[in-house]
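Please work through the exercises below with the sequence and the model side by side, and try each task before reading its solution.

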Amino acid sequence: MIKMRHISVTLLSVFLTFVVIGNAYYQKQQFYPSVVYITKSNPSMAVIYIQALVLVILLGKLMRKIFFGQLRATEFEHLVERSWYAITETCLAFTVFKDDFSPKFVALFTLVLFLKSFHWLAEDRVDFMERSPNISYLFHFRVLLLLVVLGLLDLHFVAAAYQSTVTKGASVQLVFGFEYAILLTVVFNIAVKYVLHTVDLNREIFWENKAVFLLYMELVMGFIKVVLYVFFVVIMIRFYTLPLFAFRPMYYAMRNFKKALIDVILSRRAIRNMNTLYPDVNPEELTDADNVCIICREEMQTASKRLPCNHIFHTSCLRSWFQRHQTCPTCRLNILRTPAPQQTQPMQPRMNQNRPAEPRAQPMGPQDNAFIPPPFAFPWIPQQPPNVQPNAADAAANQPGAQQEPAAAPTGEQPPPTDFSNFQFFCPPFPFFGMPIPPPPTPPSDLSNISEEELRKMEQASKEGIEARLRCLRNIQLLLDASVAMMQQYVSAANTAELAANASQSGAASTSSSNVRQPGAEGASTSSKESSPLSAEPSPSSQPQAGPSSSSSSLSEQEDIRKRRLQKFDQAAK
Amino acid sequence: MSGSALRRLMAEYKQLTLNPPEGIIAGPINEENFFEWEALITGPDGTCFEGGVFPAKLVFPSDYPLSPPKMQFTCEMFHPNIYTDGKVCISILHAAGDDPMGYESSAERWSPVQSVEKILLSVVSMLAEPNDESGANVDAAKMWRENREEFNKIAQRIVRKTLGIPT
Ligand SMILES: [Zn+2]
Ligand SMILES: [Zn+2]
């Protein structure tokens, strides 16, 4: 039906052209006068324009047949969608250059659009390589030919625009030169992707570095585009006016660049954590039980890592996931805000108690030999004791001093969502069970107790002096963390509507925030331990700790709350 | 070697064929392209969509399962969580990264733990229990809240339409 309409439109335009030309020739009898006649008559020119457009579309179809064959449905949708924006922006560009408006000008813009559409199609086609089980030689030939042709054309037009601008001064050629420069980066981007995909297709084993290359390429390309756009806008403002038509693509270029940058930073951090802090899973554990990696749904035989939440995955799968999100795929524990997994031995039994409560427990090996000390300590703190928990998010900042009791190490835990009243109903099911949240940290020994010797040490410029200063700063951060944690507990306690219990706790919590600056903060920290069962994160893991000091009634209430929640999760799961 | 996305999709397809969940059929539209699937979803019993067979299309990104697929019904639909063009709007189809703060909203969002089967099951339960907070189709949400009878009538008409029964 649509095809029929296309054919009839084409035939109609050809017929009209013949009529127009025939009429002109009939009236003027000679070639040159008839050309003049046609260009002077508006209706004739309209017909000629339509004819040219039809020819361009026909040419486009021919080229498409040569380079792409049949378009897939998604490719066609993309094409239509992007053309729509491109045409709108072109019309906006016309308004800036309305003085130079001429048939040549229209033709040049049409050419840009025409070539652009082939860039988009090439992009989609190369992305498709990742999705297709078999790629034919014809495919490779077509893509390579297309990339070479597009690259050469872009180069030619950039050079032409540059020449014209240098010799004749700023003109609409600026816009063309810029458009083709952007297209050139696109061609380059596609070519790199094509090479990466081709290498990947010809490899026998999974190529984990490909995603890394893609990520960095995204960053570099994003940067080049942003630079180009800023440069273009500055030049346009200098010579003409604000180029509104470039704003939408510029905004997207900037957004993509920002996203690529954040992705690179966060994923680097997560991957560094993975490589240095998280233990490898030893082969006996892997052969044990069900050992399917949840990311790729394939068996884990080698190279697997255990996250702090005890979930295990292929190292390579985890790496590609961390390039997008820095969370555990199973329980969504944010690994950048969680201490590394080296639980000290006394904490192991607690982990085991938690596990049955976890609805989607990952297959895990025996816990007894799971504890592997981290191979890595931050190099610039050589005397770091093995049992502190380095915080992933801000490296050393949260590490407690060596004199700290290990169980009270700070967690750098994420402040819970501010809306505590909703918390009971929207509590996160998984992080909740998987993540042991230690009690708020005990403030370190008071700063006013620093001995003369320690002070002298801090003033030294040597390595020791720097270390001493850093330790002092860490202690201060620890104090801040402690007071934040206590404030949170205070707020949540106030919201749980257990007024009687709250009266004493709020007293403790509010004094504790002032206490942190004074010696003898020990009392405050114990009372905050007591209040932890009622805190914003009533993680089951915090219960056993609170056991000895909290009253039996609060324990049973705690149980009730927990049961109710478990029921909710069950309902949600159904 | 073909990408991990492809191998995982093939694994999921195999799993769905060997062990199909009740009332759901899904698979690639053609075996040359594993990244576009079609699915047939039977309206859950005891709801206004009971008895209907709803065709839908799933399009997977090349980095699946790291990013979620997109799902769109290819028949007429009238439902609070389905756009008028058929696109499905439920949390399992949204990537988790949108709000870096707090896990609570991301708990049900996409992660590699999810699968085609889980998506389709979520869609079935969405058909049974619309979430009228989500504004994918405001008219449908309003009618679901305020005029359930009328909503049921429209749903029944759509059901008959998918079965090819004249209304
Ligand atoms: Zn894996
Ligand atoms: Zn986990």
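This is a predicted model: local features need pLDDT of at least 70, side-chain atom pairs count only at pLDDT 80 or more; totals for chains, interfaces and linings use all residues.

Residues are numbered from 1 along each chain as its sequence is written, chains are lettered from A in the order in which they are written, and side-chain values use heavy atoms, with hydrogens and water left out.

**Exercise 1.** Find which residues touch the most other members of the largest nonpolar core.

Solution. A nonpolar core is a set of buried Ala, Val, Leu, Ile, Met, Phe, Trp, Tyr and Cys residues joined through side-chain atoms within 4.5 Å, where buried means under 20% relative accessible area (1.4 Å probe, protein chains only). The largest core has 53 residues, and those touching the most other members are Phe68(A), Phe97(A), Leu146(A), Tyr180(A), Phe232(A), Met236(A) and Phe245(A). Apart from this core lies another, of 44 residues, including Tyr64(B) and Ala155(B).

**Exercise 2.** Explain why helix H11 of chain A is largely enclosed.

Solution. Helices are DSSP runs (H or I, at least four residues) numbered from the N terminus. Eight of the eight residues of H11 (residues 315-322) of chain A are buried, so this helix is largely enclosed by the rest of the structure; among them are Arg319(A) and Trp321(A).

**Exercise 3.** Describe residues 7-26 and 46-63 of chain A.

Solution. An unreviewed UniProt entry lists both spans, among others, under "transmembrane region", although such annotations may be inferred rather than shown by experiment. Residues 7-26 of chain A are 100% helix, with end C-alpha atoms 28 Å apart, and residues 46-63 of chain A are 100% helix, with end C-alpha atoms 26 Å apart.

Methods:
Buried means under 20% relative accessible area, exposed over 50%, partly exposed in between (1.4 Å probe, protein chains only). Helices (H or I, at least four residues) and strands (E, at least two) are DSSP runs, numbered from the N terminus.
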